[in-house]
Amino acid sequence: MDQVLYGIDYIEYYFYWIYYKFIGYPLIIRICSIAVMFCIIAYLFLLFHIIYGIFKRRKEKRRYNKAFDKYYEEMKTISLDSNTLSEEEIADRLEYDTKKRPKPNELRIITQLLTEIKSVHEDEINELNYQTIQTVFQITRFLERELQFGSKRSKIQALKLIQSINGYASEAVLVRFLYHRELELRNSARYTYMWLSQGDPFRFFDEDIGMKLRQWDMMELHAILEHRKKVGYNTPTFIKWVNTSAEENVKIFFINEIRLYHETESAPILAKQLNARSVEIRGEAIKTLGKLKYKEVEPKLIEMYNVQPEEVKRQIISAIADLKTDKALGFLYNAYDEADNWGTKRVILKALYEYSAMGRKTFDQLERKADSHTAILFAHTKHPLINQLN
């Protein structure tokens with residue numbers, strides 16, 4: 001008599017039926033079947049993940065559009081308003097109920113909208129109104145909560161947002177991340193600290209001589225320095241970190257900053273880097289000393305010229321051209337005569353052409369002696385468009 005199976009017994013029966021049916025096949029068939037089964041499961045999982053991602057992005061886009069339509073234009077108008085408005089006036093204009101705080105997702109979008117306003121209209125913004133909008137939405141509280149309880153990605157985004165919207169977070173919240181073992185989170189926290197602190201924001205370069213910086217990190221640091229200069233903070237003296245840093249690219253970065261901020265008082269100490277083993281450091285130091293018009297270094301540059309690689313030779317020529325002491329014409333003439341590299345010859349001719357009236361005469365003298373192969377160098381040097389590009 002057949003027995004009717006229900007529920008778990010039904011599932012269990014067919015499970016054992018498939019199991020005993022399956023073990024009767026050859027080994028290779030079983031392996032292939034298992035592989036196909038895992039592929040099907042992985043495909044279904046991936047399909048579900050893609051579908052979920054599509055719906056999630058659409059939901060986020062709808063949420064963004066809703067917040068954009070509700071707040072963006074009015075926030076922009078308030079930010080650009082030359083009249084200083086109170087919290088109550090701003091809340092009324094935004095039709096925002098201060099007793100009912102937005103959800104975290106909506107606050108993320110509001111901070112994104114504030115970032116967009118700042119990036120497009122940075123020079124026109126009334127900073128007081130812009131900061132009051134953040135006070136109305138309690139952006140500082142939101143960002144500090146993200147830093148305390150958010151994921152690693154959320155923490156890094158919050159740190160970036162503080163700089164983007166010129167926001168704020170207390171040092172008590174930031175300090176726990178300043179020496180975090182995760183490099184990206186640690187650097188982001190340090191950059192935000194440098195952005196906000198009025199005390200000793202650059203102490204990390206004294207404490208961590210092996211601090212590693214990527215190209216993007218250097219761009220961020222320069223933006224922080226520009227921000228601090230804009231709001232009236234003192235610019236640090238970079239030469240001490242040129243001497244103490246163990247990383248070559250960090251030394252080069254600070255040498256560039258010395259040049260950009262025209263720290264002429266650092267020139268005598270920077271001149272010691274002419275003996276650096278690294279060709280890149282040596283070249284950047286020579287370039288910076290030329291831009292700083294440190295004329296005392298010219299004899300040393302002339303003395304070391306013949307034993308340098310071509311790229312450093314070109315930096316020496318450019319630096320001497322920047323110094324314009326009118327004492328190096330003989331050196332430039334001899335350097336051109338002895339040069340066997342066309343790129344170096346081109347730099348020497350450009351230096352002579354722009355050096356002085358006597359330099360121009362020397363240039364003309366060399367041009368009259370030029371053969372058909374080198375005549376093009378003189379033509380390129382004198383050409384106004386090519387000369388402007390260089």
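What follows is a short chat about charged and aromatic contacts in this predicted model.

Q: What kind of model is this, and what confidence do local features need?
A: It's a predicted model, where local features need pLDDT of at least 70, side-chain atom pairs count only at pLDDT 80 or more, and totals for chains, interfaces and linings use all residues. Residues are numbered from 1 along each chain as its sequence is written, and side-chain values use heavy atoms, with hydrogens and water left out.

Q: OK, salt bridges. How many turn up in the whole structure?
A: A search finds 13, a salt bridge being a side-chain nitrogen of Lys or Arg within 4 Å of a carboxyl oxygen of Asp or Glu.

Q: Which residue does Arg108 pair with?
A: Glu146, at 3.1 Å from N to O. That pair links distant parts of the chain, with Arg108 in helix 4 (residues 104-120) and Glu146 in helix 6 (residues 139-149), 38 residues apart. Helices here are DSSP runs of H or I, at least four residues long, numbered from the N terminus.

Q: Why does Glu146 count as buried?
A: Because its relative accessibility is 11%, and buried means under 20% relative accessible area, exposed over 50%, partly exposed in between (1.4 Å probe, protein chains only). Arg108 is partly exposed, at 31%.

Q: And what does Glu122 bridge to?
A: Lys230, with the closest N and O atoms 3.9 Å apart. Glu122 sits in the loop between helix 4 and helix 5 (127-136) and Lys230 in helix 11 (residues 215-230), so the pair ties together parts that are 108 residues apart in sequence.

Q: Is Lys230 buried or exposed?
A: Exposed, at 59% relative accessibility, while Glu122 is partly exposed at 42%.

Q: Where do Glu310 and Lys313 lie?
A: Both are in helix 17 (residues 310-323), 3 residues apart, about one turn of the helix.

Q: Which residues make up the ring cluster?
A: Ring pairs link Phe202, Phe205, Phe238, Trp241, Phe253, Phe254 and Tyr261.

Methods
Rings of Phe, Tyr and Trp (its six-membered ring) pair if their centres lie within 6.5 Å; planes under 30 degrees apart count as stacked, over 60 as edge-to-face and the rest as tilted. Helices (H or I, at least four residues) and strands (E, at least two) are DSSP runs, numbered from the N terminus.
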